[in-house]
Amino acid sequence: MTENQIPYEQEEEINLVSLLFTVLRKYRQMAAAALVCAVLFAGVAVVKNISWNAAVQKAAEEGETAPRTSAQQTYEEDMVEYREAQNKRDTNVQSYNQQLRDNERSQQTVQFNIDNAEEYMEKSVLNSIDPYNVYNARADLYVTTDYKIMPGMDYQNPDYTSSVLSAYTSLLTNHEAISAIAEQFNMEERYMRELVSVWGDDSTRLLSISINAASEEDATAILDAVIARMNGLYETIESTVGHHSITLLSRTSSVTVSTDLRDQQQNTRDNLTSLQNQMTDLQAQHDLLEQNIQKADQDLAALEVPKEPGDGSPSLVKFAVIGFVLGVILVAGAAVVKFLTAGLVYSAKDLKSTCNLPVLGTLASAAARKAVKLDAKLNKLEGRPDGSRDDETVRLIAATIASRAPKADRILVTGDLPAEQLSALTAQLQAADTLRSRKLTCAESVLVSSTAVLEVNAADAVVLVADCSCSRYSSVNDQKEQIARLGKTVLGCVVYE
């Protein structure tokens with residue numbers, strides 16, 4: 001770096017808002033490009049349609065299969081996979097439904113057994129007896145007949161004592177007898193049958209009756225009822241089986257411990273618990289089967305039904321839309337590239353921050369003065385001048401120059417603008433009251449004109465001018481540095497936006 005060179009470091013930043021407005025201002029070019037590309041792509045679609053229809057017609061005439069596009073082949077493959085998934089779902093759901101029906105039948109059977117077990121535990125007298133305090137009432141009766149052994153005789157009369165014992169045993173334990181006794185005690189037959197035991201012993205000719213109950217009174221009362229029933233059967237058995245007599249040998253009442261009854265009651269409880277566990281397991285299986293059905297339906301619903309493609313001919317509308325979008329993208333992309341690479345001054349604000357140069361004021365450029373409708377609205381959104389206040393702005397610029405260089409008699413206006421534009425601005429500034437006593441001159445850029453260099457040397461102060469339509473940041477900055485090397489001060493810059 002030389003002694004007179006001013007250090008310049010520019011940090012490159014992309015102003016997205018400026019970039020957006022730059023792209024929006026290309027709306028005419030975007031519309032034209034979009035229309036042209038849409039027409040071109042539509043033409044391509046028409047040509048493809050003609051070619052496709054010709055291929056289909058040729059295949060039909062030759063008896064061949066019509067050509068298929070990759071989209072149609074993909075659709076057929078996807079449909080095969082979808083139908084396989086659908087068939088798998090239908091098979092699984094059918095199996096699950098059959099298992100559900102079997103499960104429900106099993107639940108009905110188990111529930112029936114649970115109801116019976118609970119009813120038995122609630123109503124059974126035997127099940128409610130304390131197995132460590134079982135009251136027992138027993139009667140032993142001796143049965144005799146007129147049977148006699150005849151010594152020396154080859155023929156002996158038959159002994160029907162066993163038949164008598166069997167008759168009493170059968171008639172005292174049949175449905176009619178047990179039902180009648182149970183009715184006396186307001187009890188169901190099946191629960192009374194558990195309490196009554198009647199058996200005969202042929203060898204001892206004893207008829208034994210045993211009653212178990214929860215109390216001594218109940219055991220005695222039931223035993224009395226059985227004996228009364230037995231007495232009522234005497235005439236019937238005597239007339240049908242044979243003459244006999246019954247003698248009561250003993251009648252006892254006792255309290256005993258029955259481990260068999262304890263085990264029986266425990267088995268009853270265990271059976272109910274087992275049935276309840278079966279019901280729980282069956283219900284869990286039922287819920288799982290329903291979840292499996294729901295999951296199978298959800299899995300199938302999650303699969304998208306393949307969309308059937310068209311007949312394979314290109315879509316005119318689709319190609320036109322693609323062309324339209326492509327046209328917009330091309331113009332927008334070109335605008336972005338130009339914005340990033342051209343380095344044109346975009347606004348007075350950007351020039352001030354980029355070149356570290358004071359801005360004396362902003363005036364409307366020729367394009368801004370001619371802007372109408374949408375262009376004018378975009379300029380207004382960005383805050384760009386429209387030319388309506390340029391005269392007042394010029395007077396403000398002149399006053400600013402006069403205040404910043406009060407002792408400067410000769411002021412140079414320079415920049416990389418057309419000579420006519422520089423001359424017009426110089427004349428406007430010279431006409432201002434604050435600068436009327438000063439001498440204002442104009443010259444081209446010091447980077448291209450030797451005359452401008454001489455004018456800089458002769459001037460007491462220098463004012464730079466930039467136009468957003470043609471000035472570049474690098475050029476403005478180079479002019480500022482060159483003027484500084486010539487030992488002059490740049491008061492600021494006037495910017496045409």
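Biologist: Which residues is Tyr96 in contact with, leaving aside its neighbours within four places in sequence?
Modeller: This is a predicted model, in which local features need pLDDT of at least 70 and side-chain atom pairs count only at pLDDT 80 or more, while totals for chains, interfaces and linings use all residues. Residues are numbered from 1 along each chain as its sequence is written, and side-chain values use heavy atoms, without hydrogens and water. Tyr96 has its place in helix α3 (residues 70-123), a helix being a DSSP run of H or I of at least four residues, numbered from the N terminus. Counting contact as heavy atoms within 4.5 Å, the partners of Tyr96 are Leu289, Asn292 and Ile293.

Biologist: What separates the C-alpha atoms of Tyr96 and Gln291?
Modeller: Along the chain, Tyr96 and Gln291 are 195 residues apart.

Biologist: Are α5 and α6 oblique or parallel to each other?
Modeller: The axes of α5 (residues 161-173) and α6 come within 4 Å and cross at roughly 50°. Axes are lines fitted to C-alpha atoms over the stretch in contact, with angles from 0 to 180 degrees between N-to-C directions. Angles under 35 degrees count as roughly parallel, over 145 as roughly antiparallel, 65 to 115 as roughly perpendicular and the rest as oblique. The two helices, α5 and α6, are therefore oblique.

Biologist: How many residues of the contact of α5 with α6 are nonpolar?
Modeller: α5 gives Leu171, Leu172 and Thr173, and α6 gives His175, Ala177 and Ile178. Ala, Val, Leu, Ile, Met, Phe, Trp, Tyr, Cys and Pro count as nonpolar, Asp, Glu, Lys and Arg as charged, and the others, Gly among them, as polar. The contact has no charged residues and 2 polar ones, and the number of nonpolar residues is 4.

Biologist: Which residues of α8 make the contact with α6?
Modeller: The axes of α6 (residues 175-184) and α8 (residues 216-232) come within 10 Å and cross at roughly 140°, so α6 is oblique to α8. On the α6 side the contact is made by Glu176, Ala177, Ala180, Ile181 and Gln184, and on the α8 side by Ala225, Val226 and Arg229.

Biologist: How many charged residues are in the contact of α12 with α18?
Modeller: The axes of α12 (residues 348-355) and α18 (residues 473-485) come within 10 Å and cross at roughly 55°. Asp350, Leu351, Thr354 and Cys355 of α12 meet Tyr473, Val476, Asn477 and Lys480 of α18. By class, 4 are nonpolar and 2 polar, and the number of charged residues is 2.

Biologist: Which element gives the largest share of the lining of the largest pocket?
Modeller: A pocket is an open set of points on a 1 Å grid where a 1.4 Å probe fits, with protein on both sides within 12 Å along at least five of seven lines, and lining residues have an atom within 4 Å of a point. Of its 24 lining residues, the closest to the centre are Arg25, Tyr346, Arg384, Cys468 and Ser469. Two or more residues each come from α11 (316-342), α13 (366-370) and α14 (373-382), and the largest share, 4 residues, comes from α11.
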